[in-house]
Structures are given as C-alpha cells and as structure tokens.
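Please keep the sequence and the 3D view at hand while reading.

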Amino acid sequence: MNTGFFSDGRNWLSTRDQPRPQNIRDIDNRISAAEALRLCRDGISPHWQGDWPGLRQLLRAMDRRMPWRGGDFARWRQHQAWRSAVLGRVLVTLDDRLAPAVREACAQVYGEITGPALVSARELLGVLGAYEWRRQGIFVPGLGARIHPHYGVFPPTRHEYVDLVAEAEPPDGPAFDVGTGTGVLAAVLARRGLRVLATDIDPRAVACARDNMQRLGLGGQVEVTQADLFPAGRADLVVCNPPWLPGRVRGGLDRGVFDPGGRMLSAFLDRLARHLTPGGQGWLVLSDLAETLGLREPGALAAAIEANGLRVLGATSTRPRHPRATRATADPLRAARATEVITLWRLGVR
C-alpha cells in the first residue's frame, strides 16, 4: 500500500500503490459531471467537499459520460483502465467525522485512521462494498455455507467452478489447494473429509482463507500458509483454479481474473508432477474464455499438459449460469461469455 504525507500533514492512502496527487482542487455539489471530467483529464484531482449521496451521484454521472464505443478485447481493457484512472482521480478526506461503520471498514484495509487522510473516492467505495461482503458473506451452494471475502481477495460470486469440485470424487489422501484465495475450494474438500494444505502468495488471501476456515469450524482440517503455488512435499490431490485469462494485472481484483503471461497456469503444469504422490491427481479448473477471446491458441492447453509429462484422466465441464452470460446485457464480452465452458481437468503423471 502506498502512503505518504502532504505538506498540510494529511496522509495519502492507496491500496493500488498510486502516487500521491500533486494538483488538487476542492469541489462540492455545485460541480457538474462534465466539469469534473475536464479537471480529471487535465491532470487535476478533484477533492470532494460535499455529501456522500452527492459524491455517488457525481461518480455515476461521470461514468455515464465515458461509454464503451466498441472494439476488440484489447481495446475494451484499455477503455476500462482509462475509465478507472479518470474516476480514481476524485478524492475524499477520511477524518474523525467518519461514521462507525466507515471507520471499521477503513481500519480493515488501511489500519486505524489516526489523522486526516486523502484517498480515492472510488477506492473508498470499493472498500465499503468489500466491508459489506465480508460482514454478510456470500452463500456458496456447493459448500452449503457462506464465504466471507476480504478486501482485495476475489469473491466466489461465480459458483460453477465450486460445483465442479464439490461433485467430483477426490482421492482419500491429503490435498493441496494452491492459490486458495478465499479458501472456498479448500473448504469444499475439507467438508468431503480431506485434510488440506492451502497456499496463496497474497498475504491478504492467506488472512482471508484462515478467517473463513475458523468461521466454518475447519481450522483443524485446513492449514493455510503463504507460498508461491506449491508447498513443500507431495499430496494425493492438488487442486488449482488459476485466473482464467492471460493478461496484465492493473490493480483491484484483476489478480483473480488475469494471469500475466499465463505464469500461474504454466507453473502449475510444470511443477505438478513433482508434488503428486504415485497415482495422485491434479485438478485444474479452467474456463475456455481465453481461447474464445483469442488470448490462448486452441490446443495450447492440451500441448502444455503433454509437454509437462502429464495426461488427462478425465474431464467434467459445465456452462456459466451467472446473469452476464445468460441475459441480454450491454457487456462487450456478452457473446464470449454466452459460449463459455468451464472444465475440471483431472490430471495424472504419464
């Protein structure tokens, strides 16, 4: 997290490591969305001095003035990055006037707020939304319980991949869940009676998964540790649900969606055989969205499996059921999502 102080003593907070703004101008409810956009495009950071409803209204109005004009996936990502950068310039102050719930939400992400601090208004709204998810949890049918995501950890809002793991028949021995995130798949395996060692490279995910294991009463069955994919040793089952799209991580929850250069998928396939017991299985849960969007060549996954001395023992597939895939929307990825297939590949050593 990026921090620093302004000349007036206010702190700068950014979970996305954004540099401290240099050109700030105070604004309030009288400003129009068009004028606020002009300031942002000119490199000026508008500092909101109005009320919370007015701030939300301003951000929505600014967003409507930056519509997606169409194009391929690369152009859509560029548009999303530009839109996020522009809206992220609007600032708000955190101080001792914060409501108790807002203060608690900020403390979970930034630590205790001990003095005035500036933060991106859009980031703060994300912090508050994540606080509600963490407080209420997300019910996961394949688990039959709620998972409580922390800020910055990808939430299990899509249930197809969880159902694939919940319905598959696992080996009897111990399991690894690599890249565990919220810990949802580790919890599913533990509910099936397995002892699980879950790993994640992100300390926020490690804390989140540990929290969920305690909430679910699975702390004695699931150990969560920080590691880059595999822990030491071998297991009868190794499960991995890597980010489904190769691409650059731009911040926020991108790490749950994009795998830069396909690094995590490649590393999993490259190292899997060394971490399986004889006769063990590796379960890879992956969407074909990357192939549909032209981000991965057809047949590349099968070639990588074979090149790493692995073989396919079986595969189970399903289709997405979330609204963005099943309903007519303005989402530019609607057509790709409508044909998406998610597959659990059961892999063994050749």
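Is Cys240 buried or exposed? Cys240 counts as buried, because its relative accessibility is 0%. Here buried means under 20% relative accessible area, exposed over 50%, and partly exposed in between, with a 1.4 Å probe and protein chains only. The model is a predicted one, in which local features need pLDDT of at least 70 and side-chain atom pairs count only at pLDDT 80 or more, while totals for chains, interfaces and linings use all residues. Residues are numbered from 1 along each chain as its sequence is written, and side-chain values use heavy atoms, with hydrogens and water left out.

Cys208 is buried as well, with a relative accessible area of 0%. A disulfide is a pair of cysteine sulfur atoms within 2.5 Å, and by this rule the count is zero. The closest cysteine sulfur to that of Cys208 is in Cys240, and because it lies 17 Å away, it is too far for a bond.

Next come the nonpolar cores. A nonpolar core is a set of buried Ala, Val, Leu, Ile, Met, Phe, Trp, Tyr and Cys residues joined through side-chain atoms within 4.5 Å. The largest one has 55 residues, and Val222, Val238, Phe268 and Leu269 have the most contacts inside it. Helix 7, residues 184–191, supplies the largest share of this core, seven residues. Helices (H or I, at least four residues) and strands (E, at least two) are DSSP runs, numbered from the N terminus. A second, separate core has 37 residues, including Ile27, Leu37, Leu59 and Leu94.

What does Leu269 touch, leaving aside its neighbours within four places in sequence? With contact meaning heavy atoms within 4.5 Å, Leu269 is in contact with Leu284, Leu301, Ala304, Ile305, Asn308, Leu310 and Leu347.

Two other residues can be looked up one by one. Leu229 sits in the loop between strand 11 (222–226) and strand 12 (235–240). Leu229 has a positive phi of about 70° although it is not a glycine, and with a relative accessible area of 5% it is buried. Ala315 lies in strand 16, residues 310–318, and is partly exposed at a relative accessible area of 46%. Leaving aside neighbours within four places in sequence, Ala315 is in contact with Thr343, Leu344 and Trp345. Ala315 and Phe268 are 47 residues apart along the chain, and their C-alpha atoms are separated by 17 Å.

On a 1 Å grid over the protein atoms alone, a cavity is a set of points where a 1.4 Å probe fits but cannot get out, and a pocket is an open set with protein on both sides within 12 Å along at least five of seven lines; lining residues have an atom within 4 Å of a point. The structure holds one cavity of 30 Å³ or more. The largest cavity has a volume of about 40 Å³, and its lining consists of Ala105, Gln108, Val109, Val127, Ala130, Tyr131, Arg134, His150 and Tyr151. Helix 4 (100–110) and helix 5 (121–136) are the elements that give two or more residues to this lining, and helix 5 gives the largest share, four residues.

The second largest pocket holds about 270 Å³ of space. It is lined by 13 residues, of which Gly50, Trp52, Val92, Thr93 and Arg97 lie nearest its centre. Strand 4 (45–48), helix 2 (52–64) and strand 5 (91–94) each give two or more residues to the lining of this pocket.

Definitions and conventions. Grid points are joined across faces, edges and corners, and a volume is the space filled by probe spheres set on the points.
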